[in-house]
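The model comes first, followed by the notes.

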Amino acid sequence: MEPSALTRALRHAAWRDPRAERKKFTEVYAAVRTLERTAAYVDQALERLAEVAEALRIGQTTEHDLMRGLQAARIEELLDSLDRLSKMAAEGRLNLLNGESDSLYLDFGHEAFRYVLPPFDLRRGPKGLNIPQMKDGFENSSEIQSISQSVALAQVRVTQFAARLSHDAAMLVRMAKTYEADISVEDAESPSSEKGD
């Protein structure tokens, strides 16, 4: 739905029944808070992935076996932290960073506009970012290449989801302000019209 059409739909909904629609802007703000909370965890995930990419680079150029072993352990710890972040992102029963969770959705007005944000699976496993475990340390170059490619792809996907969270939060704030403004106008006009009756 185009922004202008959405604005009209929201205004018509408010004019139609401002009391029934009054709660919508508070629901939208609650959704914005959920998106912002989720975005904070996504930012942490991007930091972890950047650290993994750097650890892979360092490990491949390090000659000392002990240091390479430490780097391999660090990589596994950082990747496992993605699973922990996905669990921590839960807000009530909603967790937008666990693919098995419910979508976030909001319904608006008589034109039945529905906003839906499906969950993004932040976990490292096959259902999520699909980053394989490091089994042979830095001894297997094809394994390292596979992990490096998976991490690079994960960074792209997580960055795209972060951008969507930012975009949708801004859109929902505009929607909430439209509701709030239209309901305020309607409330201001209602007493005068009742006096005229």
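Glu76 is buried, with a relative accessible area of 14% (buried means under 20% relative accessible area, exposed over 50%, partly exposed in between; 1.4 Å probe, protein chains only). This is a predicted model, in which local features need pLDDT of at least 70 and side-chain atom pairs count only at pLDDT 80 or more, while totals for chains, interfaces and linings use all residues. Residues are numbered from 1 along each chain as its sequence is written, and side-chain values use heavy atoms, with hydrogens and water left out.

**The network**

- Glu76, Asp80 and Arg124 are linked in a network of salt bridges (a side-chain nitrogen of Lys or Arg within 4 Å of a carboxyl oxygen of Asp or Glu).
- Arg124 meets Glu76 at 3.0 Å, N to O.
- Because Arg124 sits in the loop between strand E2 (113-117) and helix H4 (141-196) and Glu76 in helix H3 (residues 65-88), this pair ties together parts that are 48 residues apart in sequence; helices (H or I, at least four residues) and strands (E, at least two) are DSSP runs, numbered from the N terminus.
- Arg124 also forms a salt bridge with Asp80, with the closest N and O atoms 3.2 Å apart.
- Asp80 belongs to helix H3 and Arg124 to the loop between E2 and H4, so this pair joins parts 44 residues apart in sequence.

**Accessibility in the network**

- Arg124 is buried at 6% relative accessibility.
- Asp80 is partly exposed at 30%.

**Other salt bridges**

- The structure holds eight salt bridges.
- One of them pairs Arg123 with Asp121, the closest N and O atoms being 2.8 Å apart.
- Asp121 is buried, with a relative accessible area of 8%.
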